[in-house]
Amino acid sequence: MNQGEPPDDSSWEQIVPPDVAGTADQANWYFNHVRQTIPRFAGQGSASHARNLSYFTSSDPELSTTLWLRVGSVRSTAITYALTGPRERIREEKARWRTVLMSALESFQADRAPERDWAAILIPKAAQLARWIGPLRAWPDRLTTPVGIGPMSLVSLPTWVTQPHPHPDDSSVMLGVGYWPLLVTGTAPGYFRAGALQAAARDLLRLQWLLTLVTARTWQRGTQPCLMEADGDMDAFTAQWLGRMTAWSFREQFPAPDAIDLALPHWLPAAWDKSVASRRCSNALNAYGHAFGYFTEEATSDAGARFAAVIEAVTGTRTPSQAEKTAADHLLNAAAPDTLTESEATEGAKDILMYALRSETVHTGQLHGPESLGGMSLGMFSADGDPSYVHHMTTGVLQHLCRDILIQSLGGPTNDPSAILQGLDGIREGWMSIGPPLPV
């Protein structure tokens with residue numbers, strides 16, 4: 001059915017407010033209500049050159065024009081509508097079509113998506129663990145009592161898991177890394193199975209970043225979310241995953257250490273709620289999670305750019321001066337009384353954020369850290385004043401600062417910045433450390 005060209009940009013009007021049907025699952029179900037509400041529904045199609053444009057037609061003589069719906073845009077999740085056809089018919093039928101759409105919206109909002117059970121497994125990132133030596137390649141923390149965060153519950157599986165991973169600097173050296181996996185279970189709304197899985201994936205990602213923030217370890221997915229649709233699915237799910245993992249286990253060479261309780265902070269559930277409610281906090285959390293992954297794998301140029309984005313997101317600014325002021329205010333307010341002057345805080349914030357180097361990375365592609373050496377670890381072979389080494393260590397201080405600012409923004413405690421300032425002073429004085437800076 002050829003419906004001609006879609007309406008021009010000036011013809012569109014909002015019919016569904018932002019975030020009411022903000023996901024593909026919700027938009028598809030709203031379209032289902034539209035189809036059911038259109039008198040004598042005749043057909044539906046989409047524009048060949050724009051996948052977010054759909055048209056609807058009716059065989060009712062009172063609705064002879066073509067209805068177009070546009071799902072979202074770069075800046076909004078609102079659904080807008082427009083009509084095509086003879087101008088006089090558009091004028092006559094616009095109110096009728098709007099009544100149809102509002103009726104569909106009302107019935108859609110009363111039709112809540114069913115909640116579906118799902119499960120997934122999270123593990124500490126093996127590539128990060130493999131950068132350390134000896135016992136540091138084991139993650140001994142274990143969550144023995146289930147903890148609820150948002151619509152999810154998490155608890156460690158009772159089985160110690162080890163897996164091989166190549167050494168980051170020499171793939172012929174196969175290392176063992178070990179951990180107690182986290183079983184995550186939850187519910188997610190979805191009109192369709194795919195919609196529920198996407199909702200679960202979004203929740204799981206937010207949980208990953210929060211765990212990364214509070215444990216100073218990157219968490220990755222041992223499995224993607226899977227729907228649990230029948231009795232016994234959960235047991236089969238965990239048994240199958242453990243069976244596949246233990247098939248290559250290094251248990252004999254890499255035994256389980258004494259377990260340490262994984263102590264998650266009491267403010268974590270409230271931080272979840274705030275990250276959901278605040279777009280700024282949500283964006284900052286995403287930026288931190290990605291930046292931390294880059295940082296721990298020694299891609300510090302990209303990490304530095306993303307860490308600066310954490311402060312920009314929290315502040316709601318895109319200007320370096322405002323981000324530096326936010327960082328300086330945090331240092332000044334968090335420091336013990338009479339231990340830091342305003343000028344010292346301002347100078348420290350500028351040195352830590354490294355905006356000139358960040359701009360070179362973002363706008364010209366220039367690299368400043370170990371990635372400029374192909375990822376070779378700097379470690380003890382770095383000389384004082386080596387720019388790659390200085391950038392690498394300063395990014396470690398920036399990580400610490402961004403972590404503290406983000407924790408405070410999410411409702412966590414205000415941490416003493418003395419360790420941050422001592423690290424910065426040490427870099428200025430040219431001291432060396434062996435190995436990459438440990439996340440704090």
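How far does helix H12 (residues 387-409) reach from its first C-alpha to its last? In this predicted model, the reach of H12 is 32 Å over 23 residues, close to the 33 Å expected at 1.5 Å a residue. The expected span here is 1.5 Å times one less than the number of residues in the helix. Helices (H or I, at least four residues) and strands (E, at least two) are DSSP runs, numbered from the N terminus.

Let me state the conventions. The model is predicted, so local features need pLDDT of at least 70 and side-chain atom pairs count only at pLDDT 80 or more, while totals for chains, interfaces and linings use all residues. Residues are numbered from 1 along each chain as its sequence is written, and side-chain values use heavy atoms, with hydrogens and water left out.

I turn to the overall picture. The protein has 13 helices and 15 strands, and its C-alpha trace spans about 80 × 55 × 45 Å along the principal axes. Of the 440 residues, 49% are buried; buried means under 20% relative accessible area, exposed over 50%, and partly exposed in between, with a 1.4 Å probe and protein chains only. Among contacts (heavy atoms within 4.5 Å) with a separation of 6 or more, 71% are between residues 24 or more positions apart.

H12 is mostly covered, with 20 of its 23 residues buried, and just after H12 comes Gly 411 with a positive phi of about 100°. Helix H8 (residues 300-315) has 16 residues, which should span 22 Å at 1.5 Å a residue; its end C-alpha atoms are 23 Å apart, in agreement. In H8, 13 of the 16 residues are buried, so this helix is largely enclosed by the rest of the structure. Gly 316 follows H8, and its phi is positive, near 75°.

Next, the largest pocket. On a 1 Å grid over the protein atoms alone, a pocket is an open set of points where a 1.4 Å probe fits, with protein on both sides within 12 Å along at least five of seven lines; lining residues have an atom within 4 Å of a point. Its volume is about 1300 Å³, taken as the space filled by probe spheres set on the points, which are joined across faces, edges and corners. The lining of the largest pocket comprises 36 residues, and those nearest its centre are Asp 19, Thr 23, Gln 26, Arg 202 and Arg 206. Elements that give two or more residues to this lining are helices H1 (24-37), H2 (87-110), H4 (193-215), H6 (268-277) and H7 (279-296), together with strand S13 (182-189). H4 gives the most, with seven residues. By class, the lining has 13 nonpolar, 13 polar and 10 charged residues. Here Ala, Val, Leu, Ile, Met, Phe, Trp, Tyr, Cys and Pro count as nonpolar, Asp, Glu, Lys and Arg as charged, and the others, Gly among them, as polar.

A salt bridge is a side-chain nitrogen of Lys or Arg within 4 Å of a carboxyl oxygen of Asp or Glu. Asp 19 pairs in this way with Arg 279, the closest N and O atoms being 3.6 Å apart. Because Asp 19 lies in the loop between strand S1 (13-16) and H1, and Arg 279 in helix H7, the pair ties together parts that are 260 residues apart in sequence. Asp 19 is partly exposed at 49% relative accessible area, whereas Arg 279 is exposed at 60%.

Which residue forms a salt bridge with Lys 325? The partner is Asp 329, with 2.9 Å between the closest N and O atoms. Both lie in helix H9 (residues 320-334), four residues apart, about one turn of the helix. Lys 325 is partly exposed at 45%, and Asp 329 is partly exposed at 32%.

Salt bridges with shared partners also join Arg 89, Glu 92 and Glu 93 into one network. Within that group, the side chains of Arg 89 and Glu 92 meet at 2.9 Å, N to O.

Finally, Ala 334, also in helix H9. Is Ala 334 buried or exposed? Ala 334 is buried, with a relative accessible area of 15%. Beyond its neighbours within four places in sequence, Ala 334 is in contact with Thr 414, Asn 415, Asp 416 and Pro 417. Ala 334 and Thr 414 are 80 residues apart in sequence, yet 6.3 Å apart in space, C-alpha to C-alpha.
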